[in-house]
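Dear colleague,

Please find below the sequence and structure that I am handing over to you. My notes on what was found follow directly after them.

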Amino acid sequence: MTRHPRAAWIVFGLPVVIGLAGVAVVWSWSGDLPDQIARHWGGSGVADGYSSLPVSLMTTLAVGPGIALLVGAVVWALKAPSRLAAALTVGLTSFVIGLDLATTGAQRGLDDASGVELSSWWFVAAIGAAAVGCAVGGLLTPRDRYEGSHPDDPVPAAASADWSGVVRSDIFLGISGVVLLAGVVLLFLPAPGFMVGIILVVTGLPLLATAWWRVTVDQRGVRLRSLAPWPVWRVGADRITGAEVTTIGPGEFGGWGVRMTPRGTGVVYQRGEAVVIHRRDARPLFIVIDDARGAAAAVNAQLRAG
């Protein structure tokens, strides 16, 4: 894998820029803020922790860009895609800075911050900022370049290039259902229950969306469609070099679900036979699915027909 030179600047530089910009905005409010700013709220939603403005800003930089850069360094060292690394660092920084702007901005014009109550909308704004940050970081980062790969032991081509199967995790479906149900119930409660509900819903939706996949092979290539309208994953026929079968498990990819590792991208919910789709411009794609050999044969039939 070869990273674009600009990728490192976005992954590690953009979070610093966002952090410093957020701190500059808050510092410009210094004349309108109380001497001691509320920084922590108890379970009842009442402020119970305070700090001076300089200490508050240093804490924000340490928690926001500081932690984001540590996460980025780990992801970078693990050779994860640059776009994923940028989405993580920029999104995490945007969340912390967005939350800091919301909580501090609510205290402008006050002489005493002790009466400031926790607002659920602060977290909504911070989550929105994180979503925008993830999108911006990913879109600004150039794609990595890969040498591609070819199968060592390709499965003989089938007579037809058409094949379809389902990857499903009943455990993921069950867990996501419980998390979403609990989140929806908590949304009707006052803070901090409302905030916990937002976190559960934001966590449960992607978990549900990736718990079921329809895998389709035809003349256009390979398509993975999730339970929800998004995400949809396509590998065009012109990008495929061949397919083979191997046996893998979650332990080889660092866990269950959709995983990205130096070995390749895996859709792994259990141990079993996986169709391995080799690509010209990316790491191999591993999909543990029933009739993996049939899927590989259909992919190779597609190549033969092309």
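**Overall findings**

The accessible surface of the chain amounts to about 15200 Å², and carbon and sulfur atoms hold 64% of that surface. Accessible areas were computed with the Shrake-Rupley method and a 1.4 Å probe; for residues, only the protein chains shown count as cover. Please note that this is a predicted model, in which local features need pLDDT of at least 70 and side-chain atom pairs count only at pLDDT 80 or more, while totals for chains, interfaces and linings use all residues. Residues are numbered from 1 along each chain as its sequence is written, and side-chain values use heavy atoms, with hydrogens and water left out.

Along the principal axes, the C-alpha atoms fill a box of roughly 80 × 45 × 30 Å. Of the 306 residues in the chain, 46% are buried (buried is under 20% relative accessible area, exposed is over 50%, and partly exposed lies in between, with a 1.4 Å probe and protein chains only). Among contacts (heavy atoms within 4.5 Å) with a separation of 6 or more, 67% are between residues 24 or more positions apart.

How far apart are the end C-alpha atoms of helix α3? They are 34 Å apart, which agrees with the 34 Å that the 24 residues of this helix, residues 82-105, should span at 1.5 Å a residue. The expected span is 1.5 Å times one less than the number of residues. Because 17 of its 24 residues are buried, α3 is largely enclosed by the rest of the structure.

S94 lies in helix α3 and counts as buried because its relative accessibility is 10%. Leaving out residues up to four places away in sequence, S94 touches I18, A129, A130 and G133. The C-alpha atoms of S94 and I127 are separated by 8.6 Å, although the two residues are 33 residues apart along the chain.

**A8 in helix α1**

A8 belongs to helix α1, residues 5-28. Is A8 buried, partly exposed or exposed? A8 counts as partly exposed, because its relative accessibility is 29%. Beyond its neighbours within four places in sequence, A8 is in contact with G13 and W76. A8 and A85 stand 77 residues apart in sequence, and their C-alpha atoms are 9.4 Å apart in space.

**Aromatic pairs**

The count of aromatic pairs comes to five (rings of Phe, Tyr and Trp, the last by its six-membered ring, pair if their centres lie within 6.5 Å; planes under 30 degrees apart are stacked, over 60 edge-to-face and the rest tilted). One of them is the edge-to-face pair of W41 and W122, at 5.2 Å centre to centre and 65° between the planes. This pair links distant parts of the chain, since W41 is in strand β1 (residues 37-41) and W122 in helix α4 (residues 120-140), 81 residues apart. W41 is buried at 12% relative accessibility, and W122 is buried at 9%.

W121 and F194 form a tilted pair, 6.1 Å centre to centre with 50° between the planes. W121 is in helix α4 and F194 in helix α6 (residues 193-209), 73 residues apart, and this pair also links distant parts of the chain. W121 is exposed at 58% relative accessibility, whereas F194 is buried at 17%.

Yours sincerely

How values were computed
Helices (H or I, at least four residues) and strands (E, at least two) are DSSP runs, numbered from the N terminus.
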